[in-house]
Amino acid sequence: MNIQNIKKEFPIFKNKVQNNDLVYLDSANSSQKPLVVVDRIYDFYTKEFSNVGRSVHYLAVAATNLYENTRISVQKYINAKEKEEIVFTKGATEAINLVASSFGQKYLKEGDEVLISELEHHSNYVPWHYLRKSKGIKIEFAEINKNGEISLEEVEKKITSKTKIIALTHLSNVTGAILPIKQITEFAHSKGIPVLVDGCQSAPHMKLDMQELGCDFYAISCHKMYGPTGLGILYAKKKWLEELPPYQGGGGMIGEVKKSGITYGDLPNKYEAGTMATAQVIAFNESIKFINEIGIKNIENHEEELIRYGEEVLRKNNSVKLIGSPKKRGAVLSFTIDGIHPHDIATILDEDGVAIRAGHHCCQILHDKLDLTASARASIGVYNTKDDFDKLNSSINKCKKIFNSK
Amino acid sequence: MNLKELYQEIILDHGKNPRNLRKTENFNKDAKGHNPLCGDKVHVYLKLNENKKVEDISFEGQGCAISMASASIMTDLVRGKEEKEVKEIVNDFLEMIKEKNQLNNKILHEDEKTKLMCLSGVKNYPMRVKCATLSWHTLTSAINNSQEEINSETD
Ligand SMILES: Cc1ncc(COP(=O)(O)O)c(C=O)c1O
């Protein structure tokens, strides 16, 4: 696989950003888009546009087929048993909100426990917090170890007879730790507890197999996967989608509507109320094709080597402190520099065209635990190279110079 | 854009060694500010005497060089001023940092204004304006005795 060629597929790298070549190290936030995805949106709107699932005219039928084709591609990509187990949402955030709301409504009552972890993104905490407010449930936190990981043992320790659902990230967007989801799910199921996985950071970078992971729910963010914004995916085992109440009500999700009552539509329509992000869904099929053409295994290998290189470079830079040292690191490297606030780092790096993220990355619980208000984060995608980390490093040295020069 | 303009020596100095970074004893007004986007926090303490003059002002908090320097310079400049004057300085500063490129108040001396103008570089960095204004909004809130925590996102 020639990475230079892959970079050429992304139009954003052809242009200068404030007179610099773009060094994009913010893919954990959102990835760049290959031309095929952008073109697909344009083509759909200019040549093929119609709403899906409603009308019988030619364009409507064609659009509906395209829309459903993406569902099948996603099903295959994550090895779900059936295409009905794939629900489109507006993002991973909505996917998690859907589960929290529908599962909470039916199965949670006062005193019940939801087990999450200190690594969770706010979107896998706040929706459960709503249930804490409305239903009086409790939220328990599995705690990180010194490497910034969540171990199977820690999860086992925090499970009680009151635990009704476990919701964990697959790959931390701050420490880069990869959680032992398969083992956690096996243990949880032996106690009859379902598992939701926030797969935002794993889905773009590693092979996913729902049969092997065994989890009940899996949330994916398409804009982090070389896909359009405004789109996410909820994978849920069919039995859950059948059992849970719908999330939002409206057109498209109904069976029969009478003054006296309503029945709901078949799966997955029951969970897709209203006009969906049609163009995005259709274009996302190109993102999956793009990944499949390179091969997710090739992507994994390339990124593994790259992140190891990045880690090495930053470790050699004294005054850079890495956050977390997981045994197996995903595509993110968070760090701090003594005496320089992450926001100042990000502003100075930006001047060289190096785009990173600074802040708490929607993980305030974790930053509190680490006694930090913020950190800097470099994260990679398929288009990054070792050169990007060298540039990151020299910009970091520039930061140090500015701040030491009195 | 120009990094040198943003990170002037005065800013770096005040950022590294913030003045008045402590808690005023017997303060009679205070307020907290928070920037939810980056997690920066500030707590401003004021002691006004019976003539409504700022006898002491201090702050506690954590943040980037811009926000620490801004709070540090602010506390230096408003000490000894009357409440009415403080409000005028705050408004003048906020206008300067957002749209105008100058300070119009007749309260501060020229050298004080020059010091404050060092913060004007943030204008070229729209995402960083909030860092510079957080402590100023928090000071206003303290003076007005408003109980609400200043949230720089509402800027
Ligand atoms: C770990 C994690 N979970 C959830 C989200 C939210 O995803 P989305 O933007 O699709 O709602 C993100 C992205 O910011 C994330 O990194």
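Mentor: A salt bridge is a side-chain nitrogen of Lys or Arg within 4 Å of a carboxyl oxygen of Asp or Glu. Keep that in mind as we look at this predicted model.

Trainee: Thanks! What makes Arg19(B) and Asp13(B) a salt bridge?

Mentor: Their closest N and O atoms are 2.7 Å apart. The cut-off is 4 Å, so the pair of Arg19(B) and Asp13(B) qualifies as a salt bridge.

Trainee: Which residues are joined into one network by salt bridges that share partners?

Mentor: The network holds Glu118(A), Glu143(A), Glu154(A), Lys157(A), Lys158(A) and Lys369(A). Over all chains, the structure holds 38 salt bridges. One of them pairs Glu143(A) with Lys369(A), with 3.1 Å between the closest N and O atoms.

Trainee: What makes that pair a link between distant parts of the chain?

Mentor: Glu143(A) sits in the loop between strand 4 and helix 6 of chain A, while Lys369(A) is in helix 13 of chain A, 226 residues apart. Glu143(A) has a relative accessible area of 37%, which makes it partly exposed.

Trainee: Let's turn to the two chains. How do you know that chain A touches chain B?

Mentor: Contact means heavy atoms within 4.5 Å, and 18 residues of chain A are in contact with 24 residues of chain B. The buried area between the chains is about 1,700 Å², with 54% of it given by carbon and sulfur atoms.

Trainee: Which residues make the salt bridge between chain A and chain B?

Mentor: Arg128(B) and Asp344(A), whose side chains meet at 2.9 Å, N to O. Helix 12 and helix 14 of chain A each supply at least two residues of the side that touches chain B. That side of chain A divides into four nonpolar, ten polar and four charged residues.

Trainee: Now for helix 5 of chain A. Which of its residues are buried?

Mentor: Pro127(A), Trp128(A) and Leu131(A) are buried. They cover an arc of only 100 degrees around the axis, which puts them on the same side of helix 5. The face turned away from that buried side carries exposed Tyr130(A) and Lys133(A).

Trainee: What do the buried residues of helix 5 pack against?

Mentor: They pack against helix 4, strand 3, strand 4 and strand 5 of chain A. After helix 5 comes Gly136(A), with a positive phi near 75 degrees.

Technical notes. Residues numbered from 1 in each chain as written. Chains lettered and ligands numbered in written order. Predicted model: local features only at pLDDT ≥ 70, side-chain atom pairs only at ≥ 80, totals over all residues. Heavy atoms only, no water. Buried area = accessible area lost by both parts, 1.4 Å probe. Helix = DSSP H or I, 4+ residues; strand = E, 2+ residues; numbered from the N terminus. Nonpolar A, V, L, I, M, F, W, Y, C, P; charged D, E, K, R; others polar. Buried < 20%, exposed > 50% of the residue type's maximum accessible area, 1.4 Å probe, protein only. Arc of directions from axis to C-beta.
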